[in-house]
Amino acid sequence: DKGRKHLGAVVGTQSYKYEFIKDKIDVWVKELKVLSEIALVEPHAAYSAFTHGYKHKFTYFMRTIDEISNELKTLDEVIEKLIKNLFYGHDLNAVERKIIALPVRLGGLGIFVPSECADIQHRSSKLITSSLSNAIVNQRDFTAEDKDEIKIRRKEVKQNIDRSYQIKIDEIKRMLPEERNKILELTSEQGASSWLSAIPIQKYGFYLEKQSFWDALRLRYGIPLTRMPTNCVCGTINSIEHSLNCKRGGFIIIRHNDIRDFTCELLGEVCHDVEKEPMLTPLTGETFSLASTNKSNEARCDVSARGLWNRGQKAYVDIKVFNPLSKIYHNKNVQAMYRTNEQTKKRLYNTRVLEVENATFTPLVFSCFGGQGFERKRFYQRINEKLSEKRDVPPSVSMKYIRTKISFSLIRSALLCLRGSRSAKDKKGSLLGDTDLKIAIAESKFK
């Protein structure tokens, strides 16, 4: 007897294992080729199908069958084709492939190279289950001490994996230019990749159509977008940096307003007296220690609500979504960007809100890549505490929802800045123009 199937895997001679895994790989290759074709039409769905489900077929066999890394190289080639279709024709270089193999939380896509991680997966599996294997071999009861040892081994494996990822990231950073290193850091921030981690469900707004998904991936890795105009309508040479900054078309305002409206909606769930664009109380001779304080009688914040931090007290917030690729941030690290923008907002409003309104002020600062400032984290954590209690759901569930909604809002608004039409409105020859519709209908005696 050369071997046999056992619990979905196989035991036996090495030749029998190779024969078994070869049959499996032939099936996987055919199925992945179909998924690659789907990726041309529905890339978001295809990516989610692979990362949330299909790739786990490989991990099971990698963990249970040893020495199969060479056999999995055929699988590597088909996955390369899938990735190419997800990026709509972009051929990844070696460094980009290393980045994409990283977990989503570290700036990758979680699409590993099976042949490179098969042996690691098998060793890790043997290490974690060593106490269980020992109990079976010696025909003894599985004890509480064995369970504790498994927990220790799991922690050890996780630490080893984290160390290996850090080594890979350090290696990648040495090979990348400065700008792409900054993009990698931006996409590794907490919450910045939530749009990739969610299963694409349209009714919740967790979905990107194919052009948006292609653009989102290219933006995430600093890869030039296809079919972009050479020049912007404002007269400037077009680029990703310029598109994310250009005020023509009103997309910068839309980017801001989307976050404002969602924040207002969240506050409406957990607070009272919620107001959008609230006017601050006019000044009547007050003076402030900071010359930068906004003293205009037309001054307003983005949102206010009563009872967020303290019962009956108003909380004011003002929102800033900035482009970290702007030239003004070239010499700043990511955390310094957030601090700069938070302090700018505070210098404008904090003293006035504290002293005149007797309220609190929180600047909500976001990167258009999906990252967040420190003040923003505290603010949404407070909302989350109240929301999870009101809706009777675990805090982790409501926070994931909040992060995912914000992540999709930011990525969509960034793509709007990149692809939205900034063409000037031409009223000449317009069918509507400045026509008074009531007068037009009356004069035409329309019945």
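These legends describe close-up views of a predicted model. Residues are numbered from 1 along each chain as its sequence is written, side-chain values use heavy atoms, and hydrogens and water are left out. Local features need pLDDT of at least 70, side-chain atom pairs count only at pLDDT 80 or more, and totals for chains, interfaces and linings use all residues.

**View 1. Trp28 and Phe61 form an aromatic pair.** Rings of Phe, Tyr and Trp (its six-membered ring) pair if their centres lie within 6.5 Å; planes under 30 degrees apart are stacked, over 60 edge-to-face, and the rest tilted. The two ring centres here are 5.4 Å apart and the planes meet at 55°, so this pair is tilted. Trp28 sits in helix α1 (residues 14-41) and Phe61 in helix α2 (residues 43-64), 33 residues apart. Helices are DSSP runs (H or I, at least four residues) and so are strands (E, at least two), numbered from the N terminus. Trp28 is buried at 4% relative accessibility; Phe61 is buried too, at 8%. Buried means under 20% relative accessible area, exposed over 50%, and partly exposed in between (1.4 Å probe, protein chains only).

**View 2. Asp66 and Lys17 meet in a salt bridge.** The N to O distance is 3.1 Å. A salt bridge needs a side-chain nitrogen of Lys or Arg within 4 Å of a carboxyl oxygen of Asp or Glu. Asp66 lies in the loop between α2 and α3 (73-86), and Lys17 in helix α1, 49 residues apart. Asp66 is partly exposed at 21%, whereas Lys17 is buried at 14%.

**View 3. Arg260 forms a salt bridge with Glu277.** Their closest N and O atoms are 2.9 Å apart. Arg260 is in helix α12 (residues 251-270) and Glu277 in the loop between β3 (272-276) and β4 (303-306), so the pair ties together parts 17 residues apart in sequence. Arg260 is buried, with a relative accessible area of 10%. Glu277 is partly exposed at 23%.

**View 4. His242 is buried in helix α11 (residues 240-245).** Its relative accessible area is 15%. Leaving aside neighbours within four places in sequence, His242 is in contact (heavy atoms within 4.5 Å) with Cys232, Cys234, Thr236 and Ile237.
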